[in-house]
Amino acid sequence: MYDDRIARLRLIRTAGIGPVTYRQLIARFGTPAAALAAVPDMARRGGGKAPAVATLAAVEAEVAAVERLGARYLFVGQGLYPPLLAHIETAPPALILRGRTALLERQAVAIVGARNASAAAVRFARGLAAELADAGYLVVSGLARGIDTAAHAGAGAARTAGVIAGGIDIVYPPENADLQRAIGDGGLLLAEQPPGTEPRARHFPYRNRIIAGLAGGTVVVEAAPRSGSLITARLASEFGRDVMAVPGSPLDPRAQGCNLLIREGAVLVQSAADVIEAIGPIGRNAAHGTGQGVAAPTREYEAPPPVDADDRDRTRVVGLLGPTAVGVDEIVRQAGLAPAIVQTVLLELELGGRLDRHAGGRVSLSF
């Protein structure tokens with residue numbers, strides 16, 4: 001098991017291998033060790049250089065750091081990995097977790113919102129979180145200033161999960177050090193990045209997808225039109241989860257995002273009862289799905305059966321790609337090839353550094 005864990009982490013920590021590529025490699029080759037061995041040849045067929053595989057020493061050092069912090073790994077498709085999160089295509093191949101794993105069995109609700117939230121919104125978020133936690137839900141948020149902090153505090157450290165943008169040992173913002181420590185001791189802390197990773201701007205959208213993926217529904221309490229909270233809401237909608245929003249004054253810019261969500265069909269929330277009505281009572285689908293019928297994967301990895309591609313297939317697929325992102329389904333339709341062949345060519349191109357993946361299952365050539 002230890003060797004398998006090390007091999008998985010080497011694959012995960014290799015530059016250019018994202019969640020989709022990781023799943024496809026494991027599905028194709030069966031084990032992480034076999035996938036690691038195949039990466040150089042696939043990259044060559046994709047017309048590029050093989051990515052530098054994470055070294056054994058680096059991964060072993062990371063594992064030791066995780067253990068020193070009293071944390072553990074959860075790998076997608078295995079053991080306690082949250083089934084709702086595992087269902088999304090871009091689920092993190094590995095999560096680092098500290099705290100009470102039993103909380104993962106609870107149905108989760110995400111509460112997110114503005115960092116510069118109004119006093120009224122902070123009070124509402126705190127009360128909403130407390131009522132949902134009292135009803136048995138796990139409150140999930142991102143440990144940011146404002147609404148996130150209010151949600152964690154309202155739920156109580158033992159009934160909340162904080163998703164960290166950087167490493168699980170990094171506190172951001174600094175004033176939440178005591179809150180983060182309390183959640184790690186009595187609730188749940190989750191991180192995708194290795195210990196010691198300082199949060200960067202690119203990490204926050206990754207964190208947001210975890211928040212949205214963990215929860216059966218996401219409540220936005222206050223948000224500007226172009227905010228991270230609206231990104232989380234959009235991701236929740238893409239994942240087939242309930243999106244809920246608290247209305248606010250049209251004179252307050254911080255309420256514009258929520259009012260826009262409601263206009264576009266989000267559930268209007270004025271109380272915890274509205275949230276519970278939207279996502280369903282505890283026990284109906286708790287920890288295994290939502291009212292939309294989302295279910296956990298039945299296999300560790302879902303991917304087309306492995307099929308080799310020839311040079312004509314590669315030429316046809318590459319000819320349909322360009323700098324503008326296009327859906328994989330559209331490439332399959334225009335190429336007239338089996339989906340498994342197209343996926344193989346895309347995998348080779350990505351490993352060769354010639355392909356970028358985008359949200360919504362779209363891809364483009366790297367230039």
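# A guided tour of the predicted model

Begin by selecting helices H9 and H10, which cross in a right-handed manner. A crossing counts as right-handed if the near helix is turned clockwise from the far one by less than a right angle, and as left-handed if anticlockwise. Helices (H or I, at least four residues) and strands (E, at least two) are DSSP runs, numbered from the N terminus.

Two points apply to every stop. The model is predicted, and local features need pLDDT of at least 70, side-chain atom pairs count only at pLDDT 80 or more, and totals for chains, interfaces and linings use all residues. Residues are numbered from 1 along each chain as its sequence is written, and side-chain values use heavy atoms, with hydrogens and water left out.

## Stop 1: H9 and H10

Two packed helices are described by the angle between their axes and the distance between the axes. H9 covers residues 203-214 and H10 residues 228-238; they pack at an angle of about 45 degrees, with their axes 9 Å apart. Because of that angle, H9 is oblique to H10. Axes here are lines fitted to C-alpha atoms, for helices over the stretch in contact, with angles running from 0 to 180 degrees between N-to-C directions. Angles under 35 degrees count as roughly parallel, over 145 as roughly antiparallel, 65 to 115 as roughly perpendicular, and the rest as oblique.

To display the contact (heavy atoms within 4.5 Å), select Pro 205, Asn 208, Arg 209, Ile 211 and Ala 212 on H9, then Gly 228, Ile 231, Thr 232, Leu 235 and Ala 236 on H10. By class, this contact has six nonpolar, three polar and one charged residues. Nonpolar means Ala, Val, Leu, Ile, Met, Phe, Trp, Tyr, Cys and Pro; charged means Asp, Glu, Lys and Arg; the others, Gly among them, count as polar.

## Stop 2

Next select Ser 141 in strand E4 (residues 138-141). Ser 141 is buried, with a relative accessible area of 0%; buried means under 20% relative accessible area, exposed over 50%, and partly exposed in between (1.4 Å probe, protein chains only). The side chain of Ser 141 makes a polar contact with that of Asp 148, at 3.2 Å. Such a contact is a pair of N or O atoms within 3.5 Å; within protein, one must be able to donate a hydrogen and the other to accept it, and residues adjacent in sequence count only if both atoms are side-chain atoms. Not counting residues up to four places away in sequence, the residues touched by Ser 141 include Ala 151, His 152 and Ile 211.

Just after H7, Gly 156 takes a positive phi of about 95 degrees.

## Stop 3

Most residues other than glycine have a negative phi, and most peptide bonds are trans. Select Leu 143, in the loop between E4 and H7: although not a glycine, Leu 143 has a positive phi of about 60 degrees. Leu 143 is buried, with a relative accessible area of 2%.

Move on to Pro 173, in the loop between E5 and H8. A cis peptide bond joins Tyr 172 and Pro 173, with omega about 0 degrees. Asn 176 lies in the loop between strand E5 (160-164) and helix H8 (177-186) and is buried, at 6% relative accessible area. Beyond residues up to four places away in sequence, Asn 176 touches Leu 143, Ala 144, Thr 149 and Val 171.

## Stop 4: H6 and H12

Select H6 (residues 119-134) with H12 (residues 272-279), which pack at about 50 degrees with axes 9 Å apart. These two helices are therefore oblique to each other, and H6 passes H12 in a right-handed crossing. Leu 128, Glu 131 and Leu 132 in H6 meet Ala 272, Val 275 and Ile 276 in H12. This contact has five nonpolar, no polar and one charged residues.

## Stop 5: H14 and H15

Finally, select H14 (residues 328-335) and H15 (residues 339-351), whose axes come within 10 Å and cross at roughly 120 degrees. H14 passes H15 in a right-handed crossing. Show Val 328, Ile 331 and Val 332 of H14 where they meet Pro 339, Val 342, Gln 343 and Leu 346 of H15. The contact has six nonpolar, one polar and no charged residues.
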